[in-house]
Amino acid sequence: MLSLGLVAFTAPWILAALAALPIIWWLLRVTPPAPRLVRFPAIRLLFRLREKEDTPAKTPWWLLLLRLLVVTLAILGLSQPLWNPGGAFTASGPLVLVVDNGWAAAANWDKRRTLVADMIEKAEREKRQVVLVHTARKSASAPIEPSRLLRPADAKALFQAMVPEPWPVDRKAATEALRKVSLDARANVVWLSDGIESADQEPFLAALRRLGTVAVQVDPAEAQPLLLHAPRLAGESIVFRVERPDGERPAAYSARAFADDGRGIARQRIDFRPGEKSIEASLRLPTELRNRIARIDIERHASAGAVLLLDERLRRRPVGLVAPTAQGGSQPLLSDIYYLDRALAPFSELRRGSVAELLQRPISVVVLTDTAPASAEEQTQLKRWINEGGVLIRFAGPLLAEASDELVPVPIRTGDRNFGGALSWTKPLPLANFDQNSPFAGLAVPKEVTINRQVLAEPTVDLQKKTWARLEDGTPLVTADRRGKGMVVLVHTTANPDWSNLPLSGLFVEMLRRMVELSHGVAAGGEDRPQSLAPHQTLDGFGRLGTPPPSALAIESSMLDKVAIGPQHPPGLYGDAASRRGLNLSVSVTSVRPLGDLPSGMEKSVYRDSTEVDLKPWLLAAALALLLFDLFLSFFLRGLFIRRIPGPGPHAAAKAAAVALALAFVAGVPADGAAQTRSTESRDPAIRATKETVLAYVLTGDGETDRVSRAALIGLGRILTERTSVEPAQPQGVNPNTDELAFYPVIYWPVTASQAAPTREGVNRLQSYLRNGGMIIFDVRNQGSAMEDAGHLRRIVAGLNIPALQRMPDDHVLTRAYYLLPRFPGRFASNPIWVARADQAAKDGVSPVIIGSNDWAAAWAVDERGRGMFPVTPGGEVQREYAYRAGVNMVMYALSGNYKADQVHIPTILKRLGQ
Amino acid sequence: MATTETRVHLRQEAELAAARLPPLMVAAERVAATVQQGVHGRRRVGMGEAFWQFRRYEAGDSVRKIDWRQSAKTDKLFIRETEWAAAQSVWLWPDPSPSMQWRSKRSLPEKRDRADLIALALSSLLVRAGERVAVLGTGERPISGKVALDRLAQRILFRSKPAGKPGDLPAFEPLPRYATLIFIGDLLAPLEETDRLVRRYAAAGVRGYLFHILDPAEQSLPYAGRTRFEGLEQEGHLLVKRVETVRDEYKAKMTEHQAGLADIARAVGWNYALHLTDQAPEAALLRLYVNLAQLPG
């Protein structure tokens, strides 16, 4: 074995093959790769070529390197390298593995397993035999037997069958076993200790040293075994002690509590501070949950020592109800016992009977009602019991009101207080909220709970302190007093609805529960007679419950706290299903101490995390993978993938460029799309205008005018839709300077003073619009002055080629384009309108412009509800109607030209046809 | 070898390509001396449709031949004579050799497919014009009419491999004088062989066309690196250590070969054209059409 720091070679002579690498390199170098094969029809022409360049083809350097790497990896792999090798055995003899397989070894068993596997592998390599000795008894009677000298493979199998036991190791028996081992040569002894000091350690160590060199393995501090001590109840908490052998370093664990059915109930962090060897953990839980806890263990710490099995003893709070033997069966709803029974039964174990009967067995709480007063003898018994820790809960009543006794927390006045009676001014009183330091703190007080009658306490100095609950006027309702270890609680009213409706409310249940929780659990077994408890389920070394081993025996119940845990009595559950008792390891293992200093010559080391790794399979796998890669490359060089993968060089570059281009294109698409969307939007009015008939108005730049124009065309559009086959869409405002006008059959142009003349482009556009059959209605919108004051109109149309105008003659087509109209009123009625002279106008004499000043828009304009926005003068609504008709005629004129003019000739035509 | 299905598909393609051109009437000053009636007027009296001349009735002429309308205009009897019209016979030779069954890329058609396509399209055009077409090497007589096309397609698409040495030019076959012969193939045979064959046909009075079909890879030799070339017709193989070094020389050789073919054609008054398979078949067809329709006499 050749060791080079982290790597060692088991078969180093193979490495000599590395010397052959240069030869392989040379051989590979002169053998060129196979050429690419191409079938080519025009090969006859190639035959005639002379090849100019005659450099011999060489294997590319990277392929050469790859193949050399393959060979190197193969050689290295065959030389069986080990990563992180363990040290060699020092002694010449066999390997003796002494394994502590008690409860303390379970938590860190995996590490032991890997260590033993490593050891045995090493023994196999060095051809040594192995002796395996365990130190925990398997059965109470049989001694521990060491194994024979085993082949490493057999030893491995034997160890794999070994499991940690749930009881402590037996050093004495192990020492005996070690003494039985006789070897020819000095052995390599490895003691896989559990790290816990035990009795009879000295002879054990001596027995180890007798065999040869001893190496001791101990658990690291963070993996040391934990021991949970028996739990007890403290108030509302379950308290248990967690102990560890070595308290030097801080550590954190997590304790878990489970119910019978395996459901997790609680989790509690356990933080060891440096120097803390043991720590008290407490689980504070509501009673119902606490009563369901069946098992407590430490998370990620599988060991029988870290498991607590809880039994009935921790859960019991028997409540005794002092009841007359013959219960008032006739009228149960009037009985105190009935209400108490209903309130207490859900969360506690109820017993009924006389005081003497109840006190025969351990009991936590005794409830005494007014219907069953105690005799003097009973009072003495109760006093003694209270002093020992009992809790007495009393309810007041007529009897107590008449004659008080000593079993009350506060002196009671004779007589009771009655509220709200027939002759009283007072009303029944509700309860006040509970004080912070009252046991009832936090309970909600329902307002409908009222007290009619109560007994009153004598005012004393400490009455305040003893009061747990009071009425709204401050009189105490519940008082309590400590007596010895116990307590007396008095409720100043009855437990039946006679004196109050408290027993009918949920508050009554809650208050009783709080009071019962104050009591101590009954710790000692309540069994009257000792009984034999058969093992029901026992823990294995890892703290798992299972069927008991055959060695397990039954235990007398009285011995349960004194029994020695061992093969006969493994920790677990004993007894039958009705009365089950838990036996925990801490019964016999009372404390754990770390393994002390060892005698010199014993090497102590911690179980290692990292173990040696055989690199052979990895190296060979890598070589194989590279070989496959090489095969792929060879195929590639021969052009077998040529169709899919273009060779390196310009092709690859071209492909990359193509990919880049494609990516760029893809990236460019969204931008393109956006541009397209934009242009669609900008074309939107055009699309709309060409889809439907749209009336347009010129945007003057004056907001109010534009708004009126729009409203006017909407109003006119409605009239058109109602009365004609023209169904215009929403009107469109246009700016002749920028917008295309060709789509609109008619444009309404309100002339304002502030309006600028159209630009050259606008003039061109308007000109082409008029020339191609468009029509513009100019509205000067000034009453009376008509053409005389049309300066603004002149300014605006200065650039336009408007034909000569004339006042609209009476027989103009406009007057009968749809309606027969002599006049074209708008908001005003008086002004004439002007059209192109028939002989001047192109397009069959249809006038391209209509110029008026009647402010048609104001007459047409409607608001959202379709009502006219402006009044019209002087004709009112009739005139508005005519204004609409004028608008209809103008639109019809724009759409149908002088079609109606032809109709004039119909009589003549008919006449001619008739002839 | 392509499957039957693709071969049949080829015929549809050919019909499609041909459908865009009018029927091809081979321009022929002199038509092969066959007795078959056709469309080429022989400028002498014979069987045909077109009017040729009126002639005085002579004794012995069939009474049926008298043109009564003409005769009615005068006192004499006239006989209407028609021009002798004969059909031109065209022999096609799409190269069936293995070297044609090759393409350099999957996206390209095989040379043979292209040759067959062109041959089929050409037959379709010719048959529609009433010319007579035959496939060289089958030993069949030129045929015409609707049935002819089916038979030609059968011959072209599913002809068996040629007997004799593969890759060679077809064996000489006596053709009638003034027939037209069209070689469609890669014409990779040595120039001397081609020259010998063409001269022999020319001497027999056959006019012809060398239609040279090449794969673009054969034109440009786009390979690189150490390459082993293998022929398709058992020509052997050749290892070229660095193809890029011989590429220019190969191109020169290929150009020389093409020039040689063109020279051979020109020497006997034939036509030569080069067509690469990455070009559209319609272009090739149009070229053939134009050339054949005005074949210099």
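Is Gln154(B) buried, partly exposed or exposed, and how many C-beta neighbours lie inside 10 Å? In this predicted model, Gln154(B) has 13 C-beta neighbours inside 10 Å and therefore counts as partly exposed. A residue is buried when 20 or more other C-beta atoms lie within 10 Å of its own, and exposed when there are 12 or fewer. Gln154(B) belongs to helix H4 of chain B, which covers residues 146-157. Arg7(B) is 147 residues away from Gln154(B) along the chain, yet the C-alpha atoms of the two are separated by 10.0 Å.

The rest of chain B can be taken next. Chain B has 297 residues, and 38% of them are buried. Its secondary structure comes to eight helices and ten strands. Of the contacts in chain B with a separation of 6 or more, 75% are between residues 24 or more positions apart.

Two helices of chain B show how such elements pack. Helix H3 (residues 111-128) and helix H8 (residues 281-293) of chain B have axes 10 Å apart and meet at an angle of about 45 degrees. H3(B) is therefore oblique to H8(B). Their crossing is right-handed. On the side of H3(B), the residues that take part are Arg114(B), Leu117(B), Ile118(B), Ala121(B), Leu122(B) and Leu125(B). They meet Pro281(B), Ala284(B), Leu285(B), Leu288(B) and Tyr289(B) of H8(B).

Chain B also touches chain A. This contact takes 29 residues from chain B and 22 residues from chain A. On the side of chain B, the elements giving two or more residues are strand S8 (227-230), strand S9 (237-240) and helix H7 (243-267). H7(B) gives the most to that side, with seven residues.

Chain A has 915 residues, of which 38% are buried. It contains 24 helices and 42 strands. Among its contacts with a separation of 6 or more, 76% join residues 24 or more positions apart.

The axes of helix H1 (residues 21-30) of chain A and H3(A) come within 10 Å, and they cross at roughly 145 degrees. The crossing of H1(A) and H3(A) is right-handed. H1(A) makes the contact through Leu21(A), Ile24(A), Trp25(A), Leu28(A) and Arg29(A). The residues of H3(A) that take part are Leu64(A), Arg67(A), Leu68(A), Val71(A) and Thr72(A).

Most residues other than glycine have a negative phi. Gln80(A) is not a glycine, but its phi is positive, at about 55 degrees. Gln80(A) has 18 other C-beta atoms within 10 Å and is partly exposed. Asp200(A) is a further non-glycine residue with a positive phi, of about 60 degrees. Asp200(A) is found in the loop between strand S7 (187-192) and helix H7 (201-211) of chain A. With 13 C-beta neighbours inside 10 Å, Asp200(A) counts as partly exposed.

Further along chain A is helix H18, which runs over residues 760-771. Its twelve residues reach 16 Å from the first C-alpha to the last, close to the 16 Å expected at 1.5 Å a residue. The buried residues of H18(A) are Gly762(A), Arg765(A), Leu766(A), Tyr769(A) and Leu770(A). Seen down the axis of H18(A), these buried residues fall within an arc of 130 degrees, so they line one face of the helix. The face turned away from the buried side carries the exposed residues Arg760(A), Glu761(A), Ser768(A) and Arg771(A). Strand S39 (775-779) of chain A is included in what covers the buried residues of H18(A). Gly773(A) follows H18(A) and has a positive phi, near 100 degrees.

Helix H22 of chain A (residues 876-896) has 21 residues, which should span 30 Å at 1.5 Å a residue. The end C-alpha atoms of H22(A) are 30 Å apart, which agrees. Just after H22(A) comes Gly897(A), with a positive phi of about 60 degrees.

Note on methods:
Residues numbered from 1 in each chain as written. Chains lettered and ligands numbered in written order. Predicted model: local features only at pLDDT ≥ 70, side-chain atom pairs only at ≥ 80, totals over all residues. Helix = DSSP H or I, 4+ residues; strand = E, 2+ residues; numbered from the N terminus. Expected span 1.5 Å × (residues − 1). Arc of directions from axis to C-beta. Contact = placed C-beta atoms within 7 Å. Axes fitted to C-alpha atoms, helices over the stretch in contact; angles between N-to-C directions. Parallel < 35°, antiparallel > 145°, perpendicular 65-115°, else oblique. Left-handed = near helix turned anticlockwise from the far one by under 90°.
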